[in-house]
Amino acid sequence: MSAIFDLVLGVVTSIGGFVEVGSISTSAQAGFEFGFQLLWAVGAATAMLAMLMEMSGRLAAVSKSTVAAAVRERFGIDFQFVPLLAELVIDVLLLAAEIGGAAIAVTLVTGVGFQWWILPIGCLVWLIIWCSGFDIIEYGIGVLRSEEHTSEPQSRFGISYAVLCLKKK
């Protein structure tokens, strides 16, 4: 039963990693700006993402290693340093965006400017990461997200895109 729970949690978390507020708001803005002209891009991006995940899964199943490990084994650590550095920069920017989003959410509740919430929320995130074990972070956040991401992911893009297209007209 634990293996099934881990599998389901992994699938739900992977969906949650790709369907986030930034993706939905970008689709909404594109729908508002361009109408239905760019709706094909959502379908094309979904197909490309599915192919990437399928190829990565095949590589991991056959070689018993991740894509990053395969790149490191084939080309060496010097070649992997550039994507690793780019990933680090993107992760830091994503963390800053998430903390900023949480600060804006708290601002909507309290009415206090979001600038005053960035440092306390950042310290709270640091405290949770520092004091919690990996299991609490992995399963706790995954269980919280599983309630949010049970619906069909593409429907969120389509609904937000269509609503703003119709609002524009």
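Buried means under 20% relative accessible area, exposed over 50%, and partly exposed in between, with a 1.4 Å probe and protein chains only. The figures show a predicted model, in which local features need pLDDT of at least 70 and side-chain atom pairs count only at pLDDT 80 or more, while totals for chains, interfaces and linings use all residues. Residues are numbered from 1 along each chain as its sequence is written, and side-chain values use heavy atoms, with hydrogens and water left out.

**Figure 1. Overview of the protein chain, with 8 helices and 0 strands.** Helices (H or I, at least four residues) and strands (E, at least two) are DSSP runs, numbered from the N terminus. The order of elements from the N terminus on is α-α-α-α-α-α-α-α. Of the 169 residues in the protein chain, 15% count as buried. Contact means heavy atoms within 4.5 Å. Of the contacts between residues at least 6 apart in sequence, 65% join residues at least 24 apart.

**Figure 2. The tryptophan pair W126 and W130 in helix α6.** A pair of aromatic rings is described by the distance of the centres and the angle of the planes. Rings of Phe, Tyr and Trp (its six-membered ring) pair if their centres lie within 6.5 Å; planes under 30 degrees apart count as stacked, over 60 as edge-to-face and the rest as tilted. The structure holds 2 aromatic pairs. The rings of W126 and W130 form a stacked pair, because their centres are 5.6 Å apart and their planes lie at 25°. Helix α6 covers residues 115–131, and W126 and W130 are 4 residues apart in it, so about one helical turn separates them. W130 is exposed because its relative accessible area is 64%. W126, at 51% relative accessibility, also counts as exposed.

**Figure 3. The phenylalanine pair F75 and F79, with R74 over one ring.** The F75 and F79 rings make a tilted aromatic pair, with 4.8 Å from centre to centre and 40° between the planes. F79 has 47% relative accessibility and therefore counts as partly exposed. A charge sits over a ring if NZ of Lys or CZ of Arg is within 6 Å of the ring centre and within 35 degrees of the ring normal. R74 lies over the face of F75, 5.6 Å from the ring centre.

**Figure 4. The crossing of helices α4 and α5.** Two packed helices are described by the angle between their axes and the distance between the axes. Axes are lines fitted to C-alpha atoms, for helices over the stretch in contact, and angles run from 0 to 180 degrees between N-to-C directions. The axes of α4 (residues 67–75) and α5 come within 7 Å and cross at roughly 140°. On the α4 side A68, V71, R72 and F75 take part, and on the α5 side I77, F79 and Q80. These residues divide into 5 nonpolar, 1 polar and 1 charged. In this division Ala, Val, Leu, Ile, Met, Phe, Trp, Tyr, Cys and Pro count as nonpolar, Asp, Glu, Lys and Arg as charged, and the others, Gly among them, as polar. Q80 has a relative accessible area of 8% and so is buried. Apart from its neighbours within four places in sequence, Q80 is in contact with A68 and R72. P83 lies in α5 and counts as partly exposed, at 43% relative accessibility.

**Figure 5. Helix α5 along its length.** Helix α5 spans residues 77–110. The expected span of a helix is 1.5 Å times one less than its number of residues. With 34 residues, α5 reaches 48 Å from its first C-alpha to its last, close to the expected 50 Å. Its buried residues are Q80, I99, G100, A103 and T107, and what covers them includes α4 and α6. L95, also in α5, counts as partly exposed at 46% relative accessibility. The C-alpha atoms of L95 and G122 are separated by 9.2 Å. Just after α5, G111 takes a positive phi of about 90°.

**Figure 6. K64, in the loop between α3 and α4.** Helix α3 (residues 39–63) has 25 residues and reaches 37 Å from first to last C-alpha, close to the expected 36 Å. K64 follows α3. K64 is not a glycine, yet has a positive phi of about 60°. At 72% relative accessibility, K64 counts as exposed.
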